[in-house]
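Subject: Handing over the two-chain model

Hello,

Please find the structure below. My notes follow it.

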Amino acid sequence: MSPPLLQVNDLKKHFPINKGLFGRKSEFVYAVDGVSFEIARGETLSLVGESGCGKSTVGRAILRLFEITSGQVILDGQRIDDAHPSTMRQMRRRVQVVFQDPFSSLNPRMRVRDILAEPIRNFGLAKSKEDLEVRVTALMDTVRLPREALNRRPHEFSGGQRQRIGIARALAAEPELIVCDEAVSALDVSVKAQIVNLLQDLQREFGLALLFISHDLAIVEHMTHRVAVMYLGKIVEVAPRREIFAAPRHPYTKALLSAVPLPEPGAQRNPIILKGDVPSPINPPRGCRFHTRCPFVFDRCRTEEPTLRVVGDEQWVACHLEEPP
Amino acid sequence: MALLEVENLQTHFRTPGGINRAVDGVSFHVNEGETLAIVGESGCGKSVTSMSLMRLIPEPPGRIAGSIRFAGKDLLKLSDREMRAIRGNDISMIFQEPMTSLNPVLTVGRQIRETLMIHQGLDKQAAEAHAIGMLTLVGIPEPKRRVGEYPHQLSGGMRQRVMIAVALACNPKLLIADEPTTALDVTIQAQILKLMLDLKRRVGAAIILITHDLGVVAEIAERVMVMYAGRKVEEAPVAELFRSPRHPYTQGLLGAVPKLGSSLAGTATRLAEIPGQVPDLRKPIIGCVFAGRCALATDLCRQYAPGLEEKGPRHIAACHYAAKGAIAA
């Protein structure tokens, strides 16, 4: 059996906080604290959770935008978390990213043509000048932007069009995996639908795998194959779409889903209203990290940390309620 | 009787590229104790409408015309001094970003006290006691300690609770909430929405809720007004609007939002797209504002702007073909 496209094993990223007179590093933000998952070729895995849960940090660790604290990131059977810069270069081509804010992630001084040509040149994908031109115009067709727009600069486009340029830039490198970090969150409803549809078409057309990082659960349900729910640097539940949305097992997943207001006036719903706020990732609670807000908390949760266990068809949950005592 | 009646509101801004007609002839009313939602996408004029009601538009470059009658008075005819007596007292406002709308160098207690001392003439002790009472009302734990803290010491959800406490301190008749939960996480959003519903029941203020989130609208609004490109295109009671939207834009908006549970119901289909983009408001728009993106548009739409017409009980829409559109949907 071929290995999964991406494998993440016990990933940790602790950011030091400088404290004290001489910048002694005495405390850490435990942004990601032991996360493991896999993504198959052509699959969409969504990472969901609230601000500060570490979902974006996981995305950035996979892109190797910083060095990780410990763990492994394996792309197609090869470790990339400690790969040498020369091998890393080829690996970078295979994993691309689309960021949330299309206003700050495109260079305002570059023309669209140059934005798209840069990755093609960098990775030596074009055989000739003509080939480069062919590729750049083809990318515009792929993301459904007019070819005349190649000579314009990012400020001349609307938010949705800029996001199309960002997607075209990611596709330029011919990647196998695209990390979409809140890629549709900043867009207006009608434009969001356009971009979601585009991403789904591209996935089918190019067999792309997507790591879809989002806090919008309705969009996630619409897009995804599998979902991993994060809370304070840990995955609390991971399962195929059907299981997550029809039969969530972790109390946090249940609360998260029940909190989403439905666009149906008078809909019968009983939201589980969690008390308080998410604790600080600098000093996460002992035991289960969710125990301070969990409606079903009992003694064991305060002292012992639950591990992910399989509870059903590819459904994994980290909760003591799911374990034999 | 209507608490607020807005007639032909026009808020225009002078810009280097021409006059921007951010709000272009919008009329609506809000009854006492009622919740009206104003829905639309960025640039549709919903926030400018709310800022105009509070007369918070800098003039120039802005210019507000029309009339805004609140409890019998035309707010646009009041002096600055008279307007100040209304802001924060009879009409108050909650903004999207609590970090930028609270003063970072004053304690939260002082910020609540300030409105009470200015508008209600309370002395410091009475205002302090009332401030603690307000913090308790909005569900802030340990209000006696929190009253002496600064905004940066509170989480996002707590700051929004403080904003609500400041806004409600003087028992306003009208509360304008501009994207009150957009910056918050969903579990915190659920807390704040529940709080707003509870407080509304207890305090009885009318609310104008400005949002782009149709889920939030369905949750707390009674009536909805849909705006597009500075104009009102549809208005109806909330259940009626979601059940039978008449304007093609409203239909598009509702179709573009995936619903939670769609994968289970087997209704997960391709999202409806509204092609194209919002028109440039600096150029005069002839005909219907939505014509450029509408599947039903004809030459009639491109030449004559449709007026708001009755399409059902308390249901109005501005579309030449609205009846047809309802059948097509």
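Which residue in E8(B) is the bridge partner of B:Ala37? The partner is B:Leu209. Before going further, please note that this is a predicted model.

**The sheet in chain B**

Strand E3 (residues 35–39) and strand E8 (residues 206–211) of chain B pair in the parallel sense. Their pairing runs over 5 bridges. Both strands belong to an open sheet of 8 strands in chain B. The order is E6-E7-E8-E3-E9-E10-E12-E11, and the pairing is mixed. Strand E6 (91–94) and strand E11 (309–312) of chain B are the edge strands. Each of these two pairs on one side only. From one strand to the next, the twist averages 25°. Helix H7 (residues 156–168) of chain B packs on this sheet. H7 touches E6 and E7 of chain B. The direction of H7 makes about 175° with that of E6(B).

**Backbone points to check in chain B**

Two cis peptide bonds come one after the other here. The bond from B:Glu59 to B:Pro60 is cis, with omega near -15°. The bond from B:Pro60 to B:Pro61 is cis too, with omega near 10°. Where do the prolines lie? B:Pro60 is in the loop between helix H1 (46–53) and strand E4 (62–70) of chain B. B:Pro61 is in the loop between H1 and E4 of chain B as well.

Next, the phi angles. B:Glu179 is not a glycine, yet its phi is positive, at about 50°. B:Glu179 sits in the loop between strand E7 (174–178) and H8 of chain B. Is B:Glu179 buried or exposed? B:Glu179 has 20 C-beta neighbours inside 10 Å, so this residue counts as buried.

B:Ala229 also has a positive phi of about 50° without being a glycine. Its place is the loop between strand E9 (223–228) and strand E10 (231–237) of chain B. B:Ala229 counts as buried because 24 other C-beta atoms lie within 10 Å.

**Where the chains meet**

**Domains of chain A**

Chain A is divided into domain 1 (38–66 + 83–224) and domain 2 (230–261 + 269–324). Taken over C-alpha atoms, the centres of these domains of chain A are separated by 31 Å. In the contact between them, 11 residues of domain 1 of chain A meet 11 residues of domain 2 of chain A. Which element gives the most to the side of domain 1 that touches domain 2? Helix H7 (residues 217–223) of chain A does, with 3 residues. By class, that side of domain 1 has 4 nonpolar, 4 polar and 3 charged residues.

Best regards

Conventions
Residues are numbered from 1 along each chain as its sequence is written. Chains are lettered from A and ligands numbered from 1 in the order in which they are written. This is a predicted model: local features need pLDDT of at least 70, side-chain atom pairs count only at pLDDT 80 or more; totals for chains, interfaces and linings use all residues. Helices (H or I, at least four residues) and strands (E, at least two) are DSSP runs, numbered from the N terminus. A residue is buried if 20 or more other C-beta atoms lie within 10 Å of its own, exposed if 12 or fewer, and partly exposed in between; C-beta atoms are placed from the backbone. Domain bounds come from an automatic or database domain assignment. Two residues are in contact if their C-beta atoms, placed from the backbone, lie within 7 Å. Ala, Val, Leu, Ile, Met, Phe, Trp, Tyr, Cys and Pro count as nonpolar, Asp, Glu, Lys and Arg as charged, and the others, Gly among them, as polar. Two strands pair if DSSP finds at least two bridges between them. Axes are lines fitted to C-alpha atoms, for helices over the stretch in contact, and angles run from 0 to 180 degrees between N-to-C directions.
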